[in-house]
Amino acid sequence: MKILGQIAFLLMLGGMWCQNPNAKVSGKSSKRTGGTSAEDVAQSAPVVDLTVGSTGGSGSARGSGGTRGSAGAGTTGNTRGTAGATGRASGGGSSGRGNGGAAGSEGVGATGSTKVTAGAGGSEGSRSTGSTRGSGGTAEAGARSAGQQTDDMRLQFLKNTQVTCNDGTAAGFYLKEFRGSRRWLIFLEGGWCCYSKETCDSRFQNIPRLMSSSGWPQTKRGTGILSSQVEENPHWHNANIVFIPYCSSDVWSGTGPTSAAPSRPQQGREREGEREKNENTTEYTFMGSLIIREVIKDLVPKGIKQAKVVMLSGTSAGGTGVLLNIERVASQLEQLGAEAQVRGLVDSGWFIESKQQRPDNCPETVSCSPEDAIKIGLRLWNGVVPDRCQQLYKKGEEWQCFFGHKLFSTLTSPLFVVQWLFDEEQLRVENIYIGGQSLSEEQWQYIQNLGVELKNSLRDVTAVFAPSCLSHTVLTRSNWITVQVKGTSLPRALHCWDRSLEATRNNRTPAKGCPFHLVDTCQWPQCNPTCPALVDQATQQELTLLQMLMAMGLDPQKLGLDPQGVEDSLDSMVSNGG
């Protein structure tokens, strides 16, 4: 018996070795530089539960170089979890607020008045190790054969092993099928980008899950619009749900390695440009757009060709990825013979150009504006933009197609834009941090101007949901149903949009009294009473806007905010339906 026990133990070890999830498809060893980051202290649990009250990751452990560790724990009460790098160089610094919701696209569920800050577009608060290629379908098949309906999305790696994450590990997606449904929701995770060797190395060291699949869990449980619970997701709970993790760092625009340097002699400014290009060469691959293409291919055996509606959605950089790829996805499905209507849903990916003056060459990562990052990144990523938008701009100006207000008029697919009028990530670009130590009157004026500018940019968008709130991302929060504009919630607005599109396709008159162009009319941040709560970073207490401004050293009356007038306006909005 003792010998048999030893043999069984050796066989078990052999099986674990054969299923090494870190093996690179391209034959290269998985890249690991700069030591062990906070996120490398991972869990062994194979399931990430994204429902309210779950916890995960390694807490708010800090990584190297002053950046925060990339895995945050779920929190309760008036607490604040921190996840990801806080600097844009390593992936963003986007935050997701929630009154009891999950923040970001895999945010950890939380209860109470919670603010979870996720360094990469608020996209994930927990992770676990133990992903094994190809094993995701076994348990799912067993559940189906037993007649069970699982709530979990299961990991599937791409069949095309040449299309990979940044480090060469297999790219993939999570899938939850709903038998008999002809509606598909494909979700692109967010997480900003990297655009040079330095920013990509920093990102890899601090947030490796945004560049590698080696630590992806086998299953995910969706929240918000990804939830399978009708109470949380009244209109899309019964769709086929596809979650595509972001591991390409290219705002979903990359198409592979950059082209090789020309062999002919270079002179003058041409030589300088070539030297800059060579200095920016990295060992990483950038295939975001190709990953989306391959996911669609792999969904054909699952029935996507029979789909009636395919909605490409995403938050933050994933939302911008929707803008960049929706026409390409529609064309691909049409070529496959599908008759589905392809729609886009953009959450917090509708950005405005930065107003700050920065050095032209942005030699340091912190001095690069988003526009400069995109300009440099497009060359590194071999990035692509929609053809019709590219035709509007001369060579070298394609970066402008990353901004929704410049791209929107060129799109032919229906699009719904969800955008906070005072987006925290947009404010961070201008070094404005609500709840930080101080705020100048000039910065307050910029905040107000941002709201006006975003409203104007959304004027021609047919379907829009734009609350006057200070926040970033909303679609995957468990409490996404609570925010309202003019008395209508976001799920209700999406349903009205859906009904209108169906009526138009069937040559019927859309129903009245079901609005989906909803932009707040009040003029200042948090003037909508259904906004997520503000949380003071020092005390972790919920504050009103007036209390927050005073805590940051400003006199509300000097800013033209009369405390009693603000309260009366909020009461009026509540009594009139928001």
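This briefing goes through one protein chain, from its overall make-up to single residues. The model is predicted. The chain has 578 residues, and 57% of them are buried. It contains 14 helices and 20 strands.

**Overall make-up**

- The accessible surface of the chain is about 23500 Å², and carbon and sulfur atoms account for 50% of that area.
- Counting contacts between residues at least 6 apart in sequence, 76% of them join residues at least 24 apart.
- The structure has 14 salt bridges.

**The largest nonpolar core**

- The largest nonpolar core has 135 residues, and the members that touch the most others in it are I225 and F416.
- Helix 6, residues 317-335, gives this core its largest share, with seven residues.
- Beyond its neighbours within four places in sequence, F416 is in contact with G344, L345 and V346, with A463, V464 and F465, and with L490, A493, L494, W497 and F516.

**A330 in helix 6**

- A330 is a residue of helix 6.
- Leaving out residues up to four places away in sequence, A330 touches V342 and S413.
- A330 and S413 are 83 residues apart along the chain, while their C-alpha atoms are separated by 7.7 Å.

**Helix 3 and R203**

- Helix 3 covers residues 197-206 and includes R203.
- The buried residues in helix 3 are T199, C200, D201, R203, F204 and N206.
- Helix 7, residues 370-381, is part of what covers the buried residues of helix 3.
- R203 is buried but has no salt bridge. The nearest side chain of opposite charge belongs to D250, at 7.9 Å, and a salt bridge requires the nitrogen and oxygen atoms to be within 4 Å.
- The side chain of R203 does reach a backbone atom: the oxygen of G191, at 2.9 Å.

**Q426 in helix 10**

- Q426 belongs to helix 10, which runs over residues 424-429.
- Q426 counts as buried because its relative accessibility is 2%, and the cut-off for buried is under 20%.
- The side chain of Q426 reaches the backbone oxygen of I352 at a distance of 2.7 Å.
- Apart from residues up to four places away in sequence, Q426 touches F351, I352, E353, Y446 and L450.

**Salt bridges**

- R221 and D152 form a salt bridge through their side chains, with N and O at 2.7 Å. R221 is in strand 8 (residues 219-221) and D152 is in strand 5 (residues 152-157), so this pair ties together parts of the chain that are 69 residues apart in sequence.
- K302 and E177 form another salt bridge, with N and O at 3.9 Å. This pair links distant parts of the chain, 125 residues apart. K302 is in the loop between helix 5 (288-299) and strand 10 (309-315), and E177 is in the loop between strand 6 (172-176) and strand 7 (183-188).
- K302 has a relative accessible area of 30% and is therefore partly exposed.
- R293 forms a salt bridge with E294, and their closest N and O atoms are 2.8 Å apart. R293 is partly exposed, with a relative accessible area of 33%, while E294 is buried, at 3%.
- A network of salt bridges links R183, K308, R343, D498, E502 and R505.

**Residues with positive phi**

- S348 is not a glycine, yet its phi is positive, near 55°. S348 sits in the loop between strand 11 (341-347) and helix 7. S348 is buried, because its relative accessibility is 0%.
- T473 is another residue other than glycine with a positive phi, near 70°. T473 sits in the loop between strand 15 (470-471) and strand 16 (484-485). T473 is buried, because its relative accessibility is 1%.

Notes:
Residues are numbered from 1 along each chain as its sequence is written. This is a predicted model: local features need pLDDT of at least 70, side-chain atom pairs count only at pLDDT 80 or more; totals for chains, interfaces and linings use all residues. Side-chain values use heavy atoms; hydrogens and water are left out. Helices (H or I, at least four residues) and strands (E, at least two) are DSSP runs, numbered from the N terminus. Buried means under 20% relative accessible area, exposed over 50%, partly exposed in between (1.4 Å probe, protein chains only). A polar contact is a pair of N or O atoms within 3.5 Å; within protein, one must be able to donate a hydrogen and the other to accept it, and residues adjacent in sequence count only if both atoms are side-chain atoms. Contact means heavy atoms within 4.5 Å. Lys and Arg count as positive and Asp and Glu as negative; His and the chain ends are not counted. Accessible areas come from the Shrake-Rupley method with a 1.4 Å probe; for residues, only the protein chains shown count as cover. A nonpolar core is a set of buried Ala, Val, Leu, Ile, Met, Phe, Trp, Tyr and Cys residues joined through side-chain atoms within 4.5 Å.
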